[in-house]
Structure formats: C-alpha cells, structure tokens
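Dear colleague,

Please find below the structure I promised to pass on to you, together with some notes to read alongside it.

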Amino acid sequence: METKNSTFTAMKLIKYLQVFSLFSLLCFSNVVVGQDDINRALKTWNKESIPYVYPESLSMSDSILFLDTREKEEFDVSHLKNAIWVGYKNFDEQKILETIPNTSQSIIVYCSIGVRSENIGEKLKKLGYTKILNLHGGIFEWKNKGGEVFNDKEKATDSVHAFSKHWGKLLHEGIKVY
C-alpha cells in the first residue's frame, strides 16, 4: 500500500510541476519572446558584417554620429537624439562623403530592428568608413529598453514609427505609429 501511495504522490507532483512549468512559460514568455524574436529576425536577415552595439551598453556621446537609415516619414515620427537621416531607398553616397568627410569618424547606424542599417553600414564600409557599428534591435529595442526618442521638432516623444503591423509586434514600449 505504501508503494502505491508513493507512486500516486509522485505522479501528482510531476503533474503539478508540468502545469506550473507551463503556467510560468505562458506568464513570462512575453518578456523573453520579444527579445528572442528580434534575435531570430537578425540571425535570419543579417550577415553580421557590421558589428553590433547593444542599447544597454551604449552611452550617448557627441563623438559618435548616429545615422538613421529608415525612410524620412519614420525618422520624422521618431529618431535618436541628434541622429542624421540618411535614408535607405534614397541613400546618397556622395552626400554622405560630403557630410562626413572623416572616414575614421565613429558611426552607429540604426533602423527599426537592425536589418536595413546593416545594409547601409556595408555601403559605408565600401566608401572607406572604418568605425561603424549597427544598433542591435534598432530603435525598437532602444525604446523597449527605456531609451528616449525625438520627433521632427526635436521634442521627446513616446511615439515610435513601427514600420508595419508585422514588424511593429517587436516594439513593446511607446505608442506605435504606422
């Protein structure tokens, strides 16, 4: 009888642990899934040809140029402080060479999550720039980690251009604008 009760108790304990584990996964997965989804997207779309810099390890410095590689309407809604808009589809190499003549200037490129910015980073590299980093997770992860963004009037804002409903799922903080 003792063995039967012990087996029954052990089975109840295992069942309890399974339910608790599933409950924990469901409750806490939202926090983990957001970052995992950005990581998964970057691993799928990027070659990691431009080294990453992470929002939490970044300090704003006047010696670093932030280049926003999104479209102008995205930049106007939200961008990092003092960022320079360089665009993506209309990226102008000659304008960059004129605007940033020092090819050893420290540059951080960013977009929504870090895919378009890698492409622009590669173009900068071909132009001879040597100190280029890609903001991991882009402006989405910057905002998700509590970073401040600014609108076209250089005023702090909670609005963030979310690019599309699909990619906007990766933005968990702020007000999504499409």
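Thr157 touches Val77, Lys143, Val149, Phe150 and Asn151, if residues up to four places away in sequence are not counted. Please keep in mind that this is a predicted model. Thr157 is found in strand E7, which covers residues 156–157, and its side chain reaches the backbone nitrogen of Ser159 at 3.0 Å. Is Thr157 buried or exposed? Its relative accessibility is 16%, and because buried means under 20%, Thr157 counts as buried.

Next comes the sheet. Five strands form an open sheet in the order E1-E5-E4-E2-E3, and their pairing is parallel. Which strands stand at its edges? They are E1 and strand E3 (84–85), each of which has a single partner strand, so one side of each is left without a neighbour in the sheet.

The pairings of E5 can be followed residue by residue. Strand E1 (residues 52–53) pairs with strand E5 (residues 131–135) in the parallel sense over two bridges, and here the bridge partner of Tyr52 in E5 is Asn134. Strand E4 (residues 106–110) also runs parallel to E5, and four bridges join them. Within this pairing, Ile108 stands opposite Leu133 in E5, while Val109 has Asn134 as its bridge partner in E5. Together with helix H4 (residues 115–126), the strands E4 and E5 make a right-handed β-α-β unit.

In soluble globular proteins, nonpolar side chains tend to be buried together. In this model, the largest nonpolar core has 23 residues, and those with the most contacts inside it are Leu80, Leu135 and Phe140. Helix H1 (2–45), E1, E4 and helix H5 (138–144) each supply at least two residues of this core. Apart from it lies another core, of twelve residues, among them Leu67, Ile100, Val109 and Tyr129.

Which residues is Phe140 in contact with, leaving aside its neighbours within four places in sequence? They are Ser112, Ile113, Val160, His161, Ala162, Trp167, Gly168, Leu170 and Leu171.

With best wishes

Notes:
Residues numbered from 1 in each chain as written. Predicted model: local features only at pLDDT ≥ 70, side-chain atom pairs only at ≥ 80, totals over all residues. Heavy atoms only, no water. Buried < 20%, exposed > 50% of the residue type's maximum accessible area, 1.4 Å probe, protein only. Polar contact = N/O pair within 3.5 Å; in protein donor to acceptor, adjacent residues only side chain to side chain. Contact = heavy atoms within 4.5 Å. Pairing = 2+ DSSP bridges. Right-handed = clockwise from strand over helix to strand, strands pointing away. Core = buried A, V, L, I, M, F, W, Y, C linked by side-chain atoms within 4.5 Å.
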